[in-house]
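Dear colleague,

Please find below the structure that I am handing over to you. My findings follow directly after it.

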Amino acid sequence: MPITLYYFDMYARAEKIRMALTVCGVEFVDKRIGGDEYKAFRASDKCEFGGMPILELEDGTCLS
């Protein structure tokens, strides 16, 4: 599973991460979350601290 970046569909805090991954040539999935999907995501175990961005590594480790 590739690296996945979870964030809202906007230019904000995650944009620096998107640019860094792109410049370094790292393939990643840019998962943009909004609306009701965010409510469900926030209750999941990936959203440990209740905020985003979250970077999920290939081994399933989530960094927030």
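This is a predicted model: local features need pLDDT of at least 70, side-chain atom pairs count only at pLDDT 80 or more; totals for chains, interfaces and linings use all residues.

**Aromatic pairs and the surroundings of Tyr-7**

The structure holds 3 aromatic pairs; rings of Phe, Tyr and Trp (its six-membered ring) pair if their centres lie within 6.5 Å, and planes under 30 degrees apart count as stacked, over 60 as edge-to-face and the rest as tilted. Tyr-7, Phe-8 and Tyr-38 are linked into a cluster by ring pairs.

Residues are numbered from 1 along each chain as its sequence is written, and side-chain values use heavy atoms, with hydrogens and water left out.

Tyr-7 is found in strand 1; helices (H or I, at least four residues) and strands (E, at least two) are DSSP runs, numbered from the N terminus. With a relative accessibility of 5%, Tyr-7 counts as buried; buried means under 20% relative accessible area, exposed over 50%, and partly exposed in between (1.4 Å probe, protein chains only). Between Tyr-7 and Tyr-38 there are 31 residues of sequence separation, and their C-alpha atoms are 9.2 Å apart. Contact means heavy atoms within 4.5 Å, and neighbours within four places in sequence are left aside for Tyr-7, whose partners include Ala-12, Arg-18, Ile-33, Met-52 and Pro-53.

An open sheet is formed by 4 strands in the order 2-1-3-4, with mixed pairing; two strands pair if DSSP finds at least two bridges between them. Strand 2 (28-33) and strand 4 (62-63) stand at the edges with a single partner strand each, so one side of each has no neighbour in the sheet. Helix 1 (residues 15-23) packs on this sheet and touches strand 1, strand 2 and strand 3; the direction of helix 1 makes about 165° with that of strand 2. For this angle, axes are lines fitted to C-alpha atoms, for helices over the stretch in contact, and angles run from 0 to 180 degrees between N-to-C directions.

Strands 1 and 2 run parallel and are joined by 6 bridges; among the paired residues, Ile-3 has Phe-28 in strand 2 as its bridge partner. Strand 1 is mostly covered, with 5 of its 6 residues buried. Strands 3 and 4 run antiparallel and are joined by 2 bridges, and Glu-56 stands opposite Cys-62 in strand 4.

Arg-18 belongs to helix 1. Is Arg-18 buried or exposed? Its relative accessible area is 4%, so Arg-18 is buried. Beyond its neighbours within four places in sequence, Arg-18 is in contact with residues including Leu-5, Tyr-7, Phe-8, Phe-28 and Asp-30. Arg-18 and Val-29 lie 11 residues apart in sequence and 9.8 Å apart in space, C-alpha to C-alpha.

**The nonpolar core**

The largest nonpolar core has 13 residues, and those with the most contacts inside it are Tyr-6, Ile-33, Phe-41, Met-52, Ile-54 and Leu-55. Two or more residues of this core come from each of strand 1 (3-8), helix 2 (36-42) and strand 3 (54-56); strand 1 gives the largest share, 4 residues. Such a core is a set of buried Ala, Val, Leu, Ile, Met, Phe, Trp, Tyr and Cys residues joined through side-chain atoms within 4.5 Å.

Not counting residues up to four places away in sequence, Ile-54 touches residues that include Tyr-6, Phe-41, Cys-47, Cys-62 and Leu-63. The peptide bond from Met-52 to Pro-53 is cis, with omega near 15°, and Pro-53 lies in the loop between helix 2 and strand 3.

**Cysteines and strand 4**

The structure holds 0 disulfides, a disulfide being a pair of cysteine sulfur atoms within 2.5 Å. Cys-24 is exposed, at 63% relative accessible area, Cys-62 is partly exposed, at 26%, and Cys-47 is buried, at 4%. Cys-47 is located in the loop between helix 2 and strand 3 and touches Phe-41, Arg-42 and Ile-54, not counting residues up to four places away in sequence.

Leu-63 lies in strand 4 and is partly exposed, with a relative accessible area of 42%.

With kind regards
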